[in-house]
Amino acid sequence: MLMKGLRVSIARRSLLAVLALGLPLLAAAPALAAKAKPWPLTPQDKADIARIETYFDGLKTLSAKFLQVTDAGAVSRGAVYIQRPGRMRFDYAPPSPVVMIADGTLLIFHDRELVETTTLPLSTTPVAFLLREKFRLSQDITVTRIDRGPGVLRVSVRETDDADQGELTLQFSDAPFRLEQWSVLDSQSRQTKVTLIDTRLGDPIDPKIFDFRDPKFFNQPVERFN
């Protein structure tokens, strides 16, 4: 039971890192949930937000290696594949047994060692935010901060109607303009950073990467793609 509880904790942190604002979002929101405080947008801010929206709207496929680091010092590696709209796969490298797949309808979390699977409707999870056909930093998402550095743009967002759930910061390189890192600050002020390495945009991705066949029913392990 102790090991299983530890795995559940790891699963929550891993799911958080996949562009989520935390698993608590899946529960009923508090009646008096705090609203996100919007960043006072300058003309330059608005122009940069438009660049980000255009970037994601034009992003059809992305594949990369990733490095994930938590504020507690835990380090994980693996490969990520995104096919917009709706599909994504995070395959953690050994010794992690974790794989997470968005197949267009469900978000699937699978632990290869425990042979346990959890599924959630994709539309009810924050992961759907970056997989939408039309990417918009408005309405249910509020921009809470914009930072710029040499060749770098960072944009932080929170859920508009429940700011207490956490904050997601997207970091982009400026030349070329592309997503290079994100960090998540969850509702307990724990931070997880994911850095993309050797990113490839527009390359064909094998569709079977986004298929999931539960080993409990098909008697075969989930294939690795990292």
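I started with Arg200, which is partly exposed at 39% relative accessibility. This is a predicted model, so I read every value here as computed from a prediction. The partner I found for Arg200 is Asp203, and the closest N and O atoms of this salt bridge are 3.6 Å apart. Asp203 is partly exposed too, with a relative accessible area of 32%.

**Other salt bridges**

How many salt bridges does the count come to? I noted 12. Next I looked up Arg132, which pairs with Asp140 at 2.5 Å between the closest N and O atoms. Arg132 counts as partly exposed at 29% relative accessibility, and Asp140 is partly exposed at 37%.

Then I turned to Glu167, whose side chain meets that of Arg158 in a salt bridge of 3.3 Å, N to O. Is Glu167 buried or exposed? I have it down as buried, because its relative accessible area is 17% and the cut-off for buried is under 20%.

I also followed a network of salt bridges that links Asp45, Asp48, Arg51, Arg148 and Asp174.

**Cis peptide bonds**

I checked omega next. Arg84 and Pro85 are joined by a cis peptide bond, with omega at about 0°. Where does Pro85 sit? I placed Pro85 in the loop between β2 (75–83) and β3 (87–92).

A cis bond also runs from Ala175 to Pro176, where omega is near 0°. Pro176 belongs to the loop between β9 (166–174) and β10 (177–186). Going back to my network entry, I saw that Asp174 is one of its linked residues, and residue 174 is where the range of β9 (166–174) ends.

**Positive phi outside glycine**

Last, I went through phi. Gln139 is not a glycine, yet its phi is positive, near 60°. I located Gln139 in the loop between α3 (128–131) and β7 (141–149). Gln139 is exposed, with 72% relative accessible area.

Asp198 was my other entry here: phi is about 55°, again positive in a residue that is not a glycine. Which element holds Asp198? I found Asp198 in strand β11, residues 191–201. Is Asp198 buried or exposed? Asp198 counts as exposed, because its relative accessible area is 58% and the cut-off for exposed is over 50%.

Technical notes:
Residues are numbered from 1 along each chain as its sequence is written. This is a predicted model: local features need pLDDT of at least 70, side-chain atom pairs count only at pLDDT 80 or more; totals for chains, interfaces and linings use all residues. Side-chain values use heavy atoms; hydrogens and water are left out. Helices (H or I, at least four residues) and strands (E, at least two) are DSSP runs, numbered from the N terminus. Buried means under 20% relative accessible area, exposed over 50%, partly exposed in between (1.4 Å probe, protein chains only). A salt bridge is a side-chain nitrogen of Lys or Arg within 4 Å of a carboxyl oxygen of Asp or Glu.
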